[in-house]
Each structure stands twice: as structure tokens, then as C-alpha cells.
Amino acid sequence: MLVGLLIIVPLIASLLVFFTKGNTSRTVALGLSVVEFMLSLVVLFQYKHNPASADLALNCPWVESLGIHFAVSIDALSMLMVLLTTFLVPLIILSSFNSSYEKPNSFYGLILLMQMALLGVFTANDGFLFYVFWELALIPIYFICLLWGGENRGRITFKFFVYTLFGSLFMLVGLIYLYNHTGFSTGIKSWAVTDLYQTGKSLNLHQQSFVFWSIFLAFGIKMPIFPLHTWQPDTYVNAPTQGTMLLSGIMLKMGTFGLIKWLMPVTPLALAEWGWLAIALSVFGIFYASCIAIVQKDYKRLIAYSSIAHVGLIAAGILSANQQGIQGAVMQMLAHGVNVVGLFLIADILMRHTGTREMEKLGGIRNMNGNFAVLFLIVMLGSVALPLTNGFVGEFLLINGVYQYGAWVAAFAALTVILGAVYMLRSYQAIMLGEKKDSAIAFGSLEGSDKWVLYIICAAIIAFGVYPKPLNDLAEEGTKAILTYINN
Amino acid sequence: MKGLFIISALGILAMLAEIFKFKKLLYPIVLVGILAAYVTNFMEWGQNNMSITMFNNMIHFNDMSLAFSGVILITAFFWFILANDYFEQDHVTDHFALVLFALVGALMLTSFRNMTTLFLGIEILSIPMYVLAASRKRDLASNEAGFKYLIMGSFASGFLLFGIALIYGATGSFDLMTIRSFISHANGDLPSFFYAGVLMVLVAMLFKVSAAPFHFWAPDVYEGSPTVITALMSTIVKTAAFAAFMQLFIIIFGGVSQSWSMVLAVVIALSLVVSNITAVSQQSVKRMLAYSSISHAAFMLMAILANTRNFGSINAILYYSLAYSIGSIAAFTVLYNVSKAKNSSNFEAFNGLGKRHPFMAACMVIAMLSLAGIPITAGFFAKYFVFSVLIGTSFKWLIILAILTSAVGVYYYFKVIIAMYFKEEEIHEEVTMETSHVLLLVLTTLFTIALGIVPNYVIEIFS
């Protein structure tokens, strides 16, 4: 029941917010999203004490004749994703307090609606339900980008929508294909995730390959993986900051999470046959995106490309299908979610205070605001995965996992660390250090809400860098559960 | 069955209204009459395994025909609310009578048991439609629409008759059940002109549902006709044509599917590609909806192509036609009000609607999402059922093609949404809407979402 509440609360919250006006919208939205975070902590508490509790699973029939159930539950993996979502959404809402958006009630209502869909994606235990939530998450973000985005938003958000819808429809076909093969012995068709796992394994290589690629396409587009990434940089740059945060901080994880839960255990044969190609694409994407990131002039665009590089490594780790790889991927998903939200907020702060994100025009801001320089430094170091920051654990495990798959692949993948350090440190240098440029003169002290968001993010970066054990334990548990499905 | 009689009686009543001068009362009478027909239809359907045969096996009502009649009647009810203006100009009673007789034809197409009743149904449906298409008689485009529709429709009827004659020649009967048992007893030993007959019937039906390459009449006819008549054509006429199509090709000619399925697959592929590609470049929303209706026809044909015997295909078509009709009625209601105020049905007419009239815009968004097949709207389940019946067949490549073209389809549906929310209106003209239309939009939108959340009630009809 608790888990049902977890999905219902944001839905009710979004409806409430739609009926508010003016500045009350954001206050109500923030309040309710904090309530949701508390609720997820209660769920965590419950999970820690009694993982098999009936409160953590909900299963009621939806379309009985088709075997579709509204089945959601919490396991270690979804617990982590739920925590990430409920932790980030209040921060994302808080980070918007210094920008004024037209029709704030719709804006915050859509963010909360998006949260509902995301939580649904992470907790769904029914293939059909998963697909519905997956598509549902697309609608609010489309409107957020369309209504509050930058120039050219019509064309760009449209490209984004068509790309992702295209992938999703292929996933739907893959899922229907699986569903039609369920119930081979019993005659009763089912969408339940464990039934889909079993069915997937009973298929031959040819059939599994069809399922693998049709579902992989959806996840590959969402993450995005080279060469399916072309929608991403433009969309990230043109979306309003909060939209970008939702896209990169949480929505991107839908793809990687889907890969772990909805693809790897379903098609083990196809994975063995085609995994090399998927890994090759992911790893090449790391290199490709990092190189492009180095030559970027716009800071927000640089972060967008760095995101492709990071997710490439995460995907490679998952596809290498070993304990370290998947566990590292989960840890890196959490770290990347937090860090990238921090980075996009910093890009937004730069834009608001100096009127530009061009790194050539920025410089010497450290002299104006030392406090900001420190916070920026911490987020940046977290993002390049320095030891004692949250990024380190995941990246270390990831490279370890990829190494077990193949030493050369790991050597290539490790470029992400080196190249990441190159573009991150260079951009920090360009923006914060050096001579004070004209644009920096106006850079005053940070507004309260921005400061708080950065404080919380930096605290999380350091806290989980120094003591990652609680998250790591959960990630290990979730990975083991998935691996037993894959290897059985 | 009683529904058919009630609607026929209403049609005759409409003609009498001119003589006995109760024109003013006609509109409420018709609305109540259609509701009554729907209710009786629904009550008949409640009886288990009901089956009524009339006129020496000419007409046969069973659960399937009642279900399709239900879809047609509920759509007709919605349509009459939409079209209230249409019945306030001249020739009121004629318009009523024509629409009602077209409905009679539509109901016959859900329940025919004989090739002659098939032909009668198609003609009773089509002839009033030819007149209605040309009913704005001082408008050149409307005249052109009526004329084109008549010529193309007659051409298709000719094909149909020729096909029926050939089938009669081979089997010696007009009766569908006799033909069916003839096919199953023949064990493939049928004269070749029988197959020619089947293909001719197929071509005639493809004309009627406007599938490519027999679609050339549709965009011009849709654009030239009065908007409400276009709404009628793309909902009720389409549902009826598909009910007949399905009856013929799944139940009767299902046994010789090897002779027509490849032809149908090519037609579907052509329809998907041609309609979606052409729709992209349209300036007029009305014309865009015409092309989109061709693409939806292709989707319904996919369910017929799948030809599954355990009611999967029939369910899919029933659900699809309901979802599509409701979504179209909502879209046409908004289009009608916008084009009335702005005197244009182009995409630009929708500019700024999101700001000026948020309710109308929101309903249009839901309608477009449903037509594009996005969860949690009715259109999504419609597409889902089609995919799930077709995926078990050897025509998987059509699903891939359907996905590719659906992605294109999103482009033109979202063009409307982008125009409403993203573009500024140049000259402000107040778009007003009558209360009845507001109510209609509320109903259809709720219906669309409800069908998307709880599709059980429709799909469990035949399980």
C-alpha cells in the first residue's frame, strides 16, 4: 500500500498545484515534493526492516482479460531509483525559485506529474504498466520543453518527442512479442516481469535478438547511446533549466534502469551474441562525446555532451553483465543524477548573473564570489569522480566491471575519466579563474534558494563519497538479484 | 434490431415534418430517438447468445452486429450534438432525412447476411452521403466534393456488383453462410473467377474505406464537404464500412485468405506511407484529418489482415473504430468552432488557442494524443490491439512500417498542438463555443481518457 501511496501522492500534488495561482504554486509544489521525499524515507525504513512487507508491493488487476495488472513493488534497485527521484525533484523545484515562469501552476504541475510517471517506471513490475508509465513520462517533459524552452524550441522538442516515441513503439512491439509467447505451458498469458523473464529465456537466439534490439532501441534513445544521441544536446540546451535537470538527472536513468531490469534478464542469449556491438557503441560514444565536449564553447552544451559520455560508461558497465559492472552502473546513476543537476544549476546561475554561458566571455568569477567557487569546485570534482566524492565509487566499479569483460574495452572506457577531467577542469578554469572579465563584474552573491540547493548537493556529494556503504549495500543487493535472473 | 427500425421510422418522420410543420421539434425528437435506439440496442445485446434473423436470412443481428451498431449509434448521438447548426439553415428536414437514412444504411452494413443486403446497405449509406457532401449548394468546393464522391462511389459499386456476380456464378448463392460453407467444402477446389470476384469485392471495399491507392477521392471530398459532413464521413461511414469489410473478409472469405492477404498487405503498406507522408505537407487541418483517416483505415485493415479467429481481430476493429470515432468527433468539434470564427481551417487558425481558449485547446490536445496513439488515451489501446493481433502473423514487417509512419504521424498531430501553444495569433478573433459543444467536448474527452484507462468494458465484449 505504501508504494501505491508513493505514486498517488505526486499525482494528487500535481492536480492541487494546477489549481493554485502565482507564487503559491511553487511553494505548494515544493512542500508536497518534500512530503513525497519523507514518504520515500518511510518506504526505505520499511524496506530496511522488512523487505518482504506487504506494504511494499501492490498488485491489482487492471485489464484482467489481457493479463495486465497494476503491479508495483519496491526492491533494492527500485528503492535507490525512487530515492534519487524523490531527492532530486524538491531540489529541482527549489532551483527554479529565482526564475519566473509564466503560468507557474502548469509548470510545477507538470513537474510533479512527471515525478509520478518516473516513480511508476521505477517501481512497475508489469511489462505493460512499465510501458504506460514510460510513455506517460514523455508527455509532461514535452510540454515543459515546448512551453518554457528557449528559441527554436518547437522544432527541437519535436525532434526529441519523435525520437523517443519511435524507440518506445519498438519497445512496445518487443514487449508484445514477449507477451504473446508467455503462458506456453499454462495457456495463461501474463505481463508479470518474472513471467517475461522466463518467456524471454525460452526463445531461441533469433527471436531473442529481435526482442533485444527492439527494446534496446528504446533504451538507447532515452539514455542516449551513440548514434541515437542526436536529439540530446539541442534538447538539453533549449529546455528550461528544470526541464534539463529532469531529463538528465532522472529521465536518462529510465533508460539505464530499463536496461538492467527489463532487458538483460529477458534476453541472455541475444546479450551474449550482440552484447559486444552494444558495448562497442557505448564505449565509442564515450570517446566521441568527450571529444566534442572539449571543444564546446557553451557551458550548458558541454555538460550535455559530458552526460552522453557518462551514460556511455554506465551502459557499457551494465552490458558487461557482471557484479562490478552493474553495481557500479547503479552507483554511477545515483551520483550522476545528483552531480548533473548541480552542474545544470551552475550553468543557470552563470546565465542569470552574467547573461552568458559562453566560456570565452566568462572568467575570474572566483574573485567576485569565493563561496560559489568552492561549491562549483565540489560539484565539478564529483563529476570527474575524484576519490572521496560520490562519483568515484561508481566509476571505479564500472571500469573494474568493464575490465572483466575485456581489457581493451576498459582501456578505451577509462578515457572517460581522463577526457572528463580535461574538459571539466578546463571549463572550470575558464569560467572561475584567470582575469576578471567584464561579464564577471556583475556577479554578486548567490540567492538563498540557489545556495541551499548547492549546499545540499555538495553535502550529498561529499557524504556519499566518504561513506557510500548504505547506497552501495543496496546496489549490491539489487545487482545480485538481477544477476541471479540473468544467470539462471 | 429495433434500433434499425427506430432509425428508419425517424427518417420517415423527418420527411413528414415538412408537411405537418413540426420542423422545430425535429431536432429534440431525433436526439431522443437515437438515444432510444441506442438503449434498445444495448438491451438486446445484454441477452446471451442473442441472434435474430429477419427477412429470409437477409439480415441477421448477433452480438457482433449489435456491438458495431452501438458504436455507430453513440457516434451518431455525438455527431448530432456537433451538427446542431447544420440543421438551422434551409432544407432542414431534407438534411435530417438524409443523415438518418445514411444511418440506416450504416446499421444494415453491421448486420447483412446476404450479398444483396450488403449492396443495399452500401447504397443506402452512400447516396445520402453524395447529396450531403454537396449540400452547401452555392459553394463550388462542396459541389465538386459531391460530384467526385458520386463518381468514385458509383465506380466502386460497379466493382462490388461485378464481384458479387462472379461469386454468385461460382457458388450459386447470395447468402453469406452458404458461400462460406461452399468455400469450406470446396477444399481449395474453386473456379478461378471466384477469386477474381473476391478481389473485386476487396477493391470495392477498399474504395469505400479510402485505402491507398483507391484514396484519391478522399482528401478533396473531405475538404470540400461541410465540416460536420466530413466528421460524419470519417466516423460513422468508416465504422460501418469496416463492419462490413470485416464481416466479409474475416468470417466469409477468411477461408481463402491466401488469395487476398498479400494484396491487402500491399494496400496497407501503401496507405501507411502515402497518407502519412502526404499529411505532413498539408496546410489545412481538415485535409490533414482526411489523410490521417486514411492512415487509421490502414491500421484497421491490419487487424483484418491478421484474420485471427478467436475474436482478436474483431475486438481490435471494434475498439479501434470506437476510439477513432470519439477522438475524431472531438477534433472536428474544435475544428468546426475554430474555422467558423476564423473562416479558415488552416493550421494558422489554431495559433494562440492555448492562451485564448485553454479548455478547447486542452480537449484538442487529448484528441490529438489519442489519434497519435499515446497512453493513457483510447488511441493507444487501439494501436496496441492491432499490434498484438498482427504480431503473431507473418506480416511483422507491416508493424515496423506502421511504427515508422506513426512517428511521422506525430509530426502533423503535434503541429496542431505547437500552433495552439507556441505560435501567437496575428489577428485576434474571439472563438466562441455553444454550451452544447462544450458539453460534447467534455463528454468525448472523458470518454477518450476513460477508454484509455479502463478498456475492459469494450474488449471483454467478445471474450
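Modeller: In this predicted model, Met302(B) touches Ile268(B), Val386(B), Leu390(B), Leu398(B) and Ala402(B), with residues up to four places away in sequence left out of the count. Met302(B) belongs to the largest nonpolar core, a set of 381 residues. Met302(B) is listed with those that have the most contacts inside this core, beside Ile111(A), Ala137(A), Leu301(B), Tyr320(B), Met364(B) and Val386(B). The largest share of the core, 18 residues, is given by helix α13 (residues 312-342) of chain B. Such a grouping has a general background: in soluble globular proteins, nonpolar side chains tend to be buried together.

Ala367(B) sits in helix α15, which spans residues 358-372 of chain B. Ala367(B) has 28 C-beta neighbours inside 10 Å and therefore counts as buried, the cut-off being 20 or more. Apart from neighbours within four places in sequence, Ala367(B) is in contact with Gly327(B), Ala330(B), Ala331(B) and Thr448(B). Gly379(B) is 12 residues away from Ala367(B) along the chain, and the C-alpha atoms of this pair are separated by 8.9 Å.

Asn307(B) is placed in a loop, the one between α12 and α13 of chain B. Asn307(B) counts as buried because 20 C-beta neighbours lie inside 10 Å. Leaving aside neighbours within four places in sequence, the contacts of Asn307(B) are Ile250(B), Gly254(B), Ser257(B) and Ser313(B). Asn307(B) and Gly255(B) are 52 residues apart along the chain, yet their C-alpha atoms are separated by 9.9 Å.

Helix α9 (residues 217-224) of chain B has eight residues, of which six are buried, so α9(B) is largely enclosed by the rest of the structure. Its buried residues are Ala218(B), Pro219(B), Val221(B), Tyr222(B), Glu223(B) and Gly224(B). The cover over them includes α5 (115-133), α6 (140-171), α10 (227-252) and α12 (285-306) of chain B. Of these, α6(B) packs on α9(B) at an angle of about 145 degrees, and the two axes are 8 Å apart. Their crossing is left-handed. From α6(B), the contact takes Ala141(B), Ser142(B), Glu144(B), Ala145(B), Lys148(B), Tyr149(B) and Met152(B), while α9(B) supplies Trp217(B), Asp220(B), Val221(B), Glu223(B) and Gly224(B). By class, this contact has six nonpolar, two polar and four charged residues.

A helix pair in chain A may be set beside it. Helix α9 (residues 205-222) of chain A and helix α12 (residues 268-294) of chain A pack at about 45 degrees, with axes 8 Å apart. That angle makes α9(A) oblique to α12(A), and the crossing is right-handed. On α9(A), the residues that meet α12(A) are Leu205(A), Gln208(A), Ser209(A), Val211(A), Phe212(A) and Phe216(A). Their counterparts on α12(A) are Leu269(A), Ala270(A), Leu271(A), Glu273(A), Trp274(A) and Ala278(A). By class, nine residues of this contact are nonpolar, two are polar and one is charged.

The two chains also meet each other. Chain A and chain B each give 22 residues to the contact between them. On the side of chain A, the elements that give two or more residues are α5 (127-136), α6 (138-148) and α7 (153-181). The largest share of that side, 13 residues, comes from α7(A). By class, the side of chain A has 17 nonpolar, three polar and two charged residues.

Phe55(B) is exposed, because 10 other C-beta atoms lie within 10 Å. Its phi is near 50 degrees, a positive value in a residue other than glycine. Asn56(B) lies in the loop between β1 and β2 of chain B as well, and with 9 C-beta neighbours inside 10 Å it counts as exposed. Asn56(B) has a positive phi of about 50 degrees, although it is not a glycine.

Technical notes. Residues numbered from 1 in each chain as written. Chains lettered and ligands numbered in written order. Predicted model: local features only at pLDDT ≥ 70, side-chain atom pairs only at ≥ 80, totals over all residues. Axes fitted to C-alpha atoms, helices over the stretch in contact; angles between N-to-C directions. Helix = DSSP H or I, 4+ residues; strand = E, 2+ residues; numbered from the N terminus. Parallel < 35°, antiparallel > 145°, perpendicular 65-115°, else oblique. Left-handed = near helix turned anticlockwise from the far one by under 90°. Contact = placed C-beta atoms within 7 Å. Nonpolar A, V, L, I, M, F, W, Y, C, P; charged D, E, K, R; others polar. Buried ≥ 20, exposed ≤ 12 C-beta atoms within 10 Å, placed from the backbone. Core = buried A, V, L, I, M, F, W, Y, C linked by C-beta atoms within 7 Å.
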